[in-house]
Amino acid sequence: AAYHLDKVLSIIEELEGHDPALTVLDLATALRKLRTSDQGYHHLLLGDSSAPSASLRPLSEDQLSFMKDVMNHKVSSSVECGVVLTPDGSTIAMANVIGGIEAGLKRKKDCTWPDVAGDLPVDNLYALTLAKELGLAIVAHHLNSSQVLLGPNGCWDNVTSPQVFTGLGPSSLTTDALINGGMDGFILGHLLTQFQGPLLPKLSAVLRDYYSEEQGQIGFKANARRKNFKSKIDLSTFTNQVISALYLYDCIRNDSILQYLNDSVLRRISEQGVKQFHHRYLECPAIIPRCLWDARPYKGSPVNLVLPLRFVYIHHTHTPSQPCTTFRDCAANMRSMQQFHQDDRQWDDIGYNFVAGSDGYIYEGRGWFWQGAHTKGQNSKGYGVSFIGDYTSELPDQAAMELVKENFMRCAVTNNRIISDYVIQGHRQYRPTSCPGERLFNEIKTWEAFKEVEQANGTTAGL
């Protein structure tokens with residue numbers, strides 16, 4: 001079976017067609033019953049399952065087995081299960097999405113249990129989307145049973161028919177797919193808290209709307225999950241929720257994981273862990289890795305950059321001349337540019353380090369570590385970042401510019417990829433070209449980090 005969201009949606013739609021009375025809550029609860037772990041924790045936070053027990057009966061054995069796979073997240077020897085590829089190119093842990101939807105519909109912001117340590121109230125929406133998983137990852141990392149705290153992202157064996165998802169590095173208990181699913185579950189749960197009874201849409205309609213790339217009814221899209229999640233939480237609440245979810249989870253386990261940690265250590269490591277989460281997922285942009293746009297290999301051996309760099313050079317692709325607004329189109333654009341650069345120009349790879357689509361994502365070209373071929377004479381000094389489209393007479397999508405100007409730059413500074421007083425320049429400042437297009441160049445001249453070449457080289461009058 002291909003692990004694609006479309007397959008999940010077709011199964012949910014079949015169930016809804018079979019029994020039109022099935023509500024979004026009935027289905028979310030019935031799907032929860034397919035989970036094989038943490039039943040006690042879910043029961044505490046959600047109460048008894050209200051779903052008619054027959055609601056999954058129409059499914060064939062194959063469909064049921066597929067849904068069981070999808071609802072149980074686990075990583076074993078770098079292969080991640082319980083995740084699906086969505087139309088916008090991101091991968092999600094489905095159980096966290098469905099968990100958030102059920103929690104939103106049964107929202108309890110301040111559950112307390114007299115015999116649970118910590119005395120902090122638990123909000124079931126946090127506890128069932130991200131708080132427990134992030135807490136467990138923080139503790140595992142602190143106790144050295146996991147070498148990384150967060151991530152990684154991964155690669156599907158085949159983007160058209162995804163079967164196997166393999167991590168791009170050592171695995172933590174909170175992979176990117178789990179965090180994507182948790183953020184989505186939180187956003188959708190938060191949204192559904194505000195709907196009442198008869199107004200509630202069907203589960204398939206909510207998911208199709210949120211993950212499709214067309215304008216929808218609910219006003220939220222998966223490609224903006226980082227921005228939307230960030231706007232709904234504050235760090236101190238989130239930290240408290242991580243701690244309280246951990247205490248609750250620990251209380252119902254037979255073997256305590258918190259017995260080696262006193263309260264102040266737990267708070268300290270939780271604050272640090274939430275800060276790292278905030279930086280990696282809420283400040284940094286989501287970057288589509290090479291494997292997902294189906295990049296060819298680099299020809300030969302790449303030259304490694306010496307980091308941190310001082311410059312970021314802005315380009316437009318010119319060809320393709322149209323902005324791409326879907327993952328499918330942006331990925332196709334990346335492949336065609338790489339082919340042109342490798343076959344016609346005889347370069348080793350696509351020239352740019354990163355490319356911004358108008359689909360809410362940045363695409364990895366040569367990435368953070370390999371020297372690009374974008375700004376002749378300057379390639380070892382800075383990153384080449386290009387916007388897909390021709391920006392001679394119009395500007396790129398506002399959200400795409402914000403991703404580059406704010407998120408990408410802040411992320412690069414914090415991760416020591418560029419220096420804190422970095423310089424932004426346009427391609428045309430070094431070559432006889434109109435790139436990055438008249439309109440876009442006039443825009444970047446207003447950005448705080450922009451400098452003329454002489455200013456950047458320290459040869460202006462008075463210096």
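Student: What is a disulfide, and how many disulfides does this predicted model have?

Tutor: A disulfide is a pair of cysteine sulfur atoms within 2.5 Å. This is a predicted model, and by that rule the count comes to 3 disulfides.

Student: Which cysteine forms a disulfide with Cys155?

Tutor: Let's look at the sulfur atoms. The cut-off for a disulfide is 2.5 Å. The sulfur of Cys155 has a partner 2.0 Å away, and that partner belongs to Cys291.

Student: Is the disulfide of Cys155 and Cys291 left-handed or right-handed, and why?

Tutor: Good one to ask! The torsion about the S-S bond of Cys155 and Cys291 is about -90 degrees, so this disulfide is left-handed.

Student: How many residues apart in sequence are the parts that Cys155 and Cys291 tie together?

Tutor: Start with where each one sits. Cys155 lies in strand β5 (residues 154–156). Cys291 is in the loop between β7 (287–288) and β8 (309–316), so the pair ties together parts whose separation in sequence is 136 residues.

Student: Is Cys291 buried or partly exposed?

Tutor: Buried means under 20% relative accessible area. Cys155, at 16%, is buried. Cys291 has 27% relative accessibility, so Cys291 counts as partly exposed.

Student: Where does Cys411 lie, the cysteine joined to Cys284?

Tutor: A disulfide joins Cys284 to Cys411, with 2.0 Å from S to S. Cys284 lies in the loop between α11 (263–283) and β7, while Cys411 lies in helix α13 (residues 398–414).

Student: Which pattern do the disulfides of the protein chain follow?

Tutor: Another disulfide is formed by Cys324 and Cys330. With bonded cysteines counted along the chain, the pattern is 1-3, 2-6, 4-5.

How values were computed. Residues numbered from 1 in each chain as written. Predicted model: local features only at pLDDT ≥ 70, side-chain atom pairs only at ≥ 80, totals over all residues. Heavy atoms only, no water. Helix = DSSP H or I, 4+ residues; strand = E, 2+ residues; numbered from the N terminus. Buried < 20%, exposed > 50% of the residue type's maximum accessible area, 1.4 Å probe, protein only.
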